[in-house]
Every structure is written in structure tokens, then in C-alpha cells.
Amino acid sequence: MILLCQTQSNGIDWFKIIEMLIPVLVAILAFWFGLRRLKKETSILVQRKKLDTTIESYQECWKLLRYMTPTENRDSILRFEKNKNETQWFARLENGQLFLDELTAVFYEKGYGLFYSKDIKEKLFEYRSILYGLLLKEKGKQEVQLTNENMINRMSQLYDELNNILKEKLSETAN
């Protein structure tokens, strides 16, 4: 009671000051908690976008396998013919060029190369190097017979390795 009389006699009403500060403090706390929530939501959205883009990048890389497969299809670079006891391998260079064009588009133009792991990049670019060598050597031809068994085996092996890596990466991101 004595304090109240003293504060009022000095002209300062502490209750009114505290009464005015309460809404300000509530507003500051609401802002602070809102900011924390916004940061958390933004972080979740960024992580989700990164995951979605990573999955898209793996799917685009998966599409490239149709060129690399040793199983013949209309897009495959390698094709074979069996004659009695012998298998002859051929490279469709037009499909090889399409592969190189699509690899460039996927890796650089779409920017998915940023999301590929080192092992995926190594496999893609080793295959590209083999193919590019063939295209330079056999310029202007649509199809050539392949006689280097090590090269044929390595191209098939790169396909298998990349296929397995992509399956693993896609299953990891799905979980």
C-alpha cells in the first residue's frame, strides 16, 4: 500500500505500464513461435522438394538404360545375331548418338547430374567414353560389327552395375 502511494505520487503508474507491456510481450512471443514453425515447415518443404527431384533424376537415368541394355530393343545400342556356335555383336551408332544427346539433356540441361552419386556418374561417363570412341572411329556409319569382346563385356557390365545401383537408390528413396 505504501508502494502504491509512492508510485502514484511520482506520477508513474506501474500497473498501467505492465498492462500495456503484456500485449507487446504476447505479440513478441507469438512472432517468435510463428517464426520457428515457419522455419520448420520450410525445411520440411525443401527436403521434400529435394527428395522429389532426386527421385525424378533417378527415373530419368533409368530411361537411359533402354539404350545401354544388351537385350535388344528398338532403342538399344547393342544388338546381336547368333549363328550356330557364334554370337556376333553390332553397335547401332544412330542409337548411340541419341543416347549421348539424351545423356547431355538429362545430366546438364535438366540439371539432374547434380543429384547423381559418384558411382552413377562414373558408370554413365565410362559408357559414354566407350561409345564416343566408337562414334569417332566409325563416323558416318549407322551400324558396325563389334569384335572387341572386352569392350562388349564392359558395356554389358556397366549396364548391369548401373541397373543395380539405380534399383538400390530408388528403393532407398521410397522408404
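1. Two rings of Phe, Tyr or Trp count as a pair if their centres lie within 6.5 Å. In this predicted model, such ring pairs join Tyr58, Phe107, Tyr108, Tyr116 and Phe125 into a cluster.

2. The whole structure holds 8 aromatic pairs. One of them, Tyr67 with Phe99, is edge-to-face, with 5.9 Å centre to centre and 65° between the planes. Tyr67 belongs to helix H2 and Phe99 to helix H3, so this pair ties together parts 32 residues apart in sequence. Tyr67 counts as buried at 5% relative accessibility, and Phe99 is buried with a relative accessible area of 0%. Phe107 and Phe125 form another edge-to-face aromatic pair, at 4.9 Å centre to centre and 85° between the planes. Here the link runs from helix H3 (Phe107) to helix H4 (Phe125), 18 residues apart, and both residues are buried.

3. The largest nonpolar core has 36 residues, of which Phe99, Tyr116, Ile120, Leu124 and Leu146 touch the most other members. H2, S2, H3, H4, S3 and H5 each give two or more residues to this core. Leaving aside residues up to four places away in sequence, Phe99 touches Leu64, Tyr67, Met68, Ile77, Tyr127, Arg128 and Leu131.

4. Helix H2 has 55 residues, which should span 81 Å at 1.5 Å a residue; the end C-alpha atoms are 80 Å apart, in agreement. Its buried residues are Thr53, Thr54, Ser57, Tyr58, Glu60, Cys61, Leu64, Leu65, Tyr67 and Met68. Helix H3 (93–109), H4 and H5 are among the elements that cover them.

5. Helix H5 (residues 149–174) passes the same kind of check: its 26 residues should span 38 Å, and its end C-alpha atoms are 37 Å apart, which agrees. At the start of H5, a side-chain oxygen of Asn148 comes to within 3.0 Å of the backbone nitrogen of Asn150. The buried residues of H5 include Met151, Ile152, Met155, Leu158, Tyr159, Leu162, Ile165 and Leu166, and also Ser156, Asn163, Lys169 and Thr173. Their cover includes helix H2 (14–68), strand S1 (78–83), strand S2 (86–92), helix H4 (118–137) and strand S3 (143–146).

6. Strands S1 and S2 run antiparallel and are joined by 6 bridges. Lys82 stands opposite Thr87 in S2. The hairpin of S1 and S2 has 2 residues between the strands, and Lys84 takes a positive phi near 45° there.

Note on methods. Residues are numbered from 1 along each chain as its sequence is written. This is a predicted model: local features need pLDDT of at least 70, side-chain atom pairs count only at pLDDT 80 or more; totals for chains, interfaces and linings use all residues. Side-chain values use heavy atoms; hydrogens and water are left out. Helices (H or I, at least four residues) and strands (E, at least two) are DSSP runs, numbered from the N terminus. The expected span of a helix is 1.5 Å times one less than its number of residues. Buried means under 20% relative accessible area, exposed over 50%, partly exposed in between (1.4 Å probe, protein chains only). Contact means heavy atoms within 4.5 Å. A polar contact is a pair of N or O atoms within 3.5 Å; within protein, one must be able to donate a hydrogen and the other to accept it, and residues adjacent in sequence count only if both atoms are side-chain atoms. Two strands pair if DSSP finds at least two bridges between them. A nonpolar core is a set of buried Ala, Val, Leu, Ile, Met, Phe, Trp, Tyr and Cys residues joined through side-chain atoms within 4.5 Å. Rings of Phe, Tyr and Trp (its six-membered ring) pair if their centres lie within 6.5 Å; planes under 30 degrees apart count as stacked, over 60 as edge-to-face and the rest as tilted.
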